[in-house]
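This report describes a two-chain model from its elements up to its contacts. The sequence and structure come first, and the text then starts from one residue.

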Amino acid sequence: MSIKLNKNQKKTVYVAISLITLTLVIWILYGAEIFTKTEVLVEIEDELFGTTKEWRKEFVWGLDLSLIISAITVAVSLVVMYFQKNKRDKNES
Amino acid sequence: MNLNFQNIFIVFIILTAVSFAQTKFSCGPDDERNQAVFESNAPLEDIVGVSNKLSADVSIDLSDISNNPNGYVKVELAELKTGIDLRDRHLRSANWLDTDNYPFAEFVLTGISQASSKVLEDGTEVTASASGNLSIHGVTKKITAQIKLTFFKESDKTKSRIAGNLLRVSADFNIKLSDYNISIPSMVAGKVDENIKVSANFVASDFK
C-alpha cells in the first residue's frame with residue numbers, strides 16, 4: 001500500500017521533518033538532557049567556604065521539549081495535509 | 001558529709017575544665033553560603049537539592065577533637081531547591097518531606113573518631129568520622145558521617161569575611177529514604193533513587 005502525496009503535501013512533509021530534525025539538533029547542542037531546565041547547578045570555589053553549589057538561571061533545552069514540539073508538528077502537518085488532499089481531489093474532479 | 005562535698009567539688013572542677021577546653025562555633029541560617037546538598041542518582045534522572053538555610057552550633061576541644069564534642073546542625077527543608085519549582089513544591093508536599101509538619105533535618109553530634117589528627121591547627125584540614133543522630137520526617141536514626149574540619153585563626157583575611165576564629169566543616173553521608181518513612185510514589189519511580197547522598201558545608205565562628 002502506497003500513499004500518493006501531491007506537491008503541497010510533500011512540501012508539508014519536508015517542512016515537518018526539517019522542524020523535527022531542528023528540535024533534535026537544538027536538543028543535542030544543549031547537551032542532550034532528558035528534561036528541560038530553567039536553572040542549572042554551578043559549583044563555586046571559595047578559599048574559605050571550599051566548594052559550594054548554587055542554582056543559576058539558565059535555560060537548557062530537554063528531550064521532553066523536543067518531543068512536544070515534534071508531536072505538535074506531526075499533528076499540525078496531518079491537518080494541513082488533509083486540507084491539501086481535499087484541494088487536490090477537487091482539482092482532479 | 002565532707003566526702004560528699006569533696007566529690008561534688010571535684011566533679012565541678014572537672015566539668016568546668018572540660019567546658020573551658022571546648023570552643024563553641026556557631027553559624028545562623030542568614031549566611032546563605034552555608035548549605036546542605038541532597039543528591040539522588042536514579043536511572044532516569046539525577047536530582048540535586050540545595051538548601052542554603054543551615055544553622056549550626058558545634059562545641060569542640062581544639063587540642064583534642066575527640067574529647068567530648070557536641071553540637072547540632074539544622075537545615076530548613078522547605079528551602080530545598082532542585083532547579084524546578086514544580087518539583088520543589090512536590091518535594092515539600094505531604095507525600096514527600098511534609099515540610100509543614102517536619103520543617104527541619106537535624107543532626108545532633110555525639111562523637112568524633114578516627115581523626116587524622118587530634119589537634120586542629122590553623123589552616124590544616126583534619127578528616128574524621130562524626131557520629132550522631134539524624135532526624136528527618138519525624139524519624140531519628142544514628143548515622144556516621146565522614147567529615148573534614150579546618151580551623152582558621154582570626155586574621156585580617158578571615159575578618160574581612162566573618163569575625164572571630166572560624167571552623168569550616170564539610171560532612172558527607174548516605175541515607176535511605178525508607179529508613180525515614182519516605183516512600184517514592186510510583187509515578188516518579190526510576191526518577192528518584194532510594195539512596196540519597198547528603199553533604200553539608202558550613203563555616204562557623206566563635207565570635208560572640
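Leaving aside residues up to four places away in sequence, Phe202(B) is in contact with Cys27(B), Asn34(B), Leu54(B), Ala56(B) and Val169(B). The model is a predicted one, and these contacts are computed from its atoms.

Phe202(B) also belongs to the largest nonpolar core, which has 43 residues. The members that touch the most other members are Val58(B), Leu149(B), Leu167(B), Val169(B), Phe202(B) and Ala204(B). Strand β10 of chain B, residues 195-205, gives the most to this core, with 6 residues. As a general background, nonpolar side chains in soluble globular proteins tend to be buried together.

## Layout of chain B

Chain B contains 3 helices and 10 strands. Read from the N terminus, the order of its elements is α-β-β-β-β-β-α-β-β-β-α-β-β. Taken along the principal axes, its C-alpha atoms fill a box of roughly 70 × 50 × 30 Å.

Of the 208 residues in chain B, 29% count as buried. Contacts between residues at least 6 apart in sequence were also sorted by separation: in chain B, 62% of them join residues at least 24 apart.

## Strand pairing in chain B

Strand β7 of chain B, residues 125-136, takes part in two pairings described here. One is with strand β6, residues 104-113, in the antiparallel sense over 7 bridges. In this pairing Ser113(B) stands opposite Ser129(B) of β7(B).

The other is with strand β8, residues 139-152, also antiparallel, over 12 bridges. Here Asn133(B) is placed opposite Lys142(B) in β8(B). β7(B) and β8(B) make a hairpin with 2 residues between them. In the turn, His137(B) has a positive phi of about 55°.

## Layout of chain A

Chain A has 2 helices and 2 strands, arranged α-β-β-α from the N terminus on. Its C-alpha trace spans about 80 × 20 × 15 Å along the principal axes. The radius of gyration of chain A is 22 Å, whereas a compact globule of 93 residues would have one near 12 Å.

Buried residues make up 5% of the 93 residues in chain A. Among its contacts between residues at least 6 apart in sequence, 66% join residues at least 24 apart.

## Helix α1 of chain A

What span should helix α1 of chain A have, given its 23 residues? The helix covers residues 7-29 and, at 1.5 Å a residue, should span 33 Å. The expected value counts one less than the number of residues.

Within α1(A), the residues Gln9(A), Thr12(A) and Trp27(A) are buried. The helix is followed by Gly31(A), which has a positive phi, near 105°.

Technical notes
Residues are numbered from 1 along each chain as its sequence is written. Chains are lettered from A and ligands numbered from 1 in the order in which they are written. Helices (H or I, at least four residues) and strands (E, at least two) are DSSP runs, numbered from the N terminus. The radius of gyration is taken over C-alpha atoms; the globule rule is 2.2 Å times the number of residues to the power 0.38. A residue is buried if 20 or more other C-beta atoms lie within 10 Å of its own, exposed if 12 or fewer, and partly exposed in between; C-beta atoms are placed from the backbone. Two residues are in contact if their C-beta atoms, placed from the backbone, lie within 7 Å. A nonpolar core is a set of buried Ala, Val, Leu, Ile, Met, Phe, Trp, Tyr and Cys residues joined through C-beta atoms within 7 Å. Two strands pair if DSSP finds at least two bridges between them.
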